[in-house]
Amino acid sequence: IYTAGVWYLLIPMLTGRRLFGASVVKTVIMVDLLVSMAVWSHHLLGDTSQPMVMRILSGQLITWGEFFTMGLTIFASMMTVWMARPVKMTPALQFALGSMFGFMMGGVAGLIQANVGLNLVFHNTQWVVALHAHTFLLTGVGTMLFSVLYALVPMLTKLEYRSKALINAHFWLWMVGSVVMAYAMGMAGSRGMLRRTFYEGGLFQGYTLVAVIGGILVSLGFLAFLVNLIGTLGLRKVLALFVPERWLEGREPAAAQA
């Protein structure tokens, strides 16, 4: 639901247009909040101690309710972009659209594994970890956070990111890498590769190798973002986001006061 909130704030700001269906969106947010409170149950679908009625009602049907709430959220956001044409494809908007793709991809995987019967096959495998969870976190949430950073840095500092080429490299390396990694491990999971399990004798080695390549692409994408951010703001300002500024000045507070 927090992702929906970010889209609802970010998309109108980037397009300069009021959110499409804003009156309906308020209801969607409330329904999504209520639905989200019960979707945790789908993580217990493979647990036979959970009553079947709970597995079907909460784990399956309520999880499927997310299809409508998130679907309406993405629809409202994309219709806002469509109605605002012509729209300048800024880095922030580019990454916002990428995050929607990530949520659609991870959400479809979640809807599939929410089926009680299929979950008996997918439970505790790399399908859940990669194709569902990592797709949401990397391709969905991670890309959304970069969208916020690409919007806020110019707004707060009055500085544009120095390299457009590095922005594009960041986007494509991150998107392609996260999708490749997720699909490789998801396919391995559908063939029985369990999580938290060490395999010997080359079993699932091909899938793992492809996933590692995807992970390297993601890392290179983040490196492109970091280099661009440092080139735009300077190393000292970037470090000041994580450590006290007095450490960067090389003096203690008492000496500074003196």
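This is a predicted model: local features need pLDDT of at least 70, side-chain atom pairs count only at pLDDT 80 or more; totals for chains, interfaces and linings use all residues.
1. From the N terminus onward, the elements of the protein follow the order α-α-α-α-α-α-α-α-α-α-α. The secondary structure therefore amounts to 11 helices and 0 strands, since helices and strands are taken as DSSP runs.

2. On overall dimensions, the C-alpha atoms of the protein fill a box of roughly 70 × 55 × 40 Å along the principal axes. Of its 258 residues, 43% count as buried. The protein exposes about 14100 Å², and carbon and sulfur atoms supply 72% of that area. Among contacts with a separation of 6 or more, 76% are made by residues 24 or more positions apart.

3. On charge, the protein carries 16 positive and 8 negative side chains. The centres of these two sets lie 11 Å apart.

4. As general background, nonpolar side chains tend to be buried together in soluble globular proteins.

5. Which residues does W7 contact, leaving aside its neighbours within four places in sequence? They are P12, M70, T73, I74, S77, A96, S99, M100, F103 and M144.

6. The buried residues of α8 are A211, G214, G215, V218, G221, A224, F225, N228, L229, T232 and L233. Their cover includes α6, α7 and α9 (235-239). After α8 comes G234, whose phi is positive, near 100 degrees.

7. The loop between α3 and α4 contains P86 and also M89. A cis peptide bond joins R85 and P86, with omega about -5 degrees. M89 has a relative accessible area of 45% and is therefore partly exposed, because that class lies between the limits of 20% and 50%. Not counting residues up to four places away in sequence, M89 touches Q94, L97 and K164. The C-alpha atoms of M89 and T15 are separated by 9.5 Å, although these residues are 74 residues apart along the chain.

8. Most residues other than glycine have a negative phi, and most peptide bonds are trans. N124, which is not a glycine, has a positive phi of about 70 degrees. N124 lies in the loop between α5 (116-122) and α6, and it counts as partly exposed at 24% relative accessibility. R196, also not a glycine, has a positive phi of about 55 degrees. R196 lies in the loop between α7 and α8.

9. Is R196 buried or exposed? Its relative accessible area is 69%. R196 is therefore exposed, because exposed means over 50%.

Notes
Residues are numbered from 1 along each chain as its sequence is written. Side-chain values use heavy atoms; hydrogens and water are left out. Contact means heavy atoms within 4.5 Å. Buried means under 20% relative accessible area, exposed over 50%, partly exposed in between (1.4 Å probe, protein chains only). Helices (H or I, at least four residues) and strands (E, at least two) are DSSP runs, numbered from the N terminus. Accessible areas come from the Shrake-Rupley method with a 1.4 Å probe; for residues, only the protein chains shown count as cover. Lys and Arg count as positive and Asp and Glu as negative; His and the chain ends are not counted. The place of a charge is taken as NZ of Lys, CZ of Arg, CG of Asp or CD of Glu.
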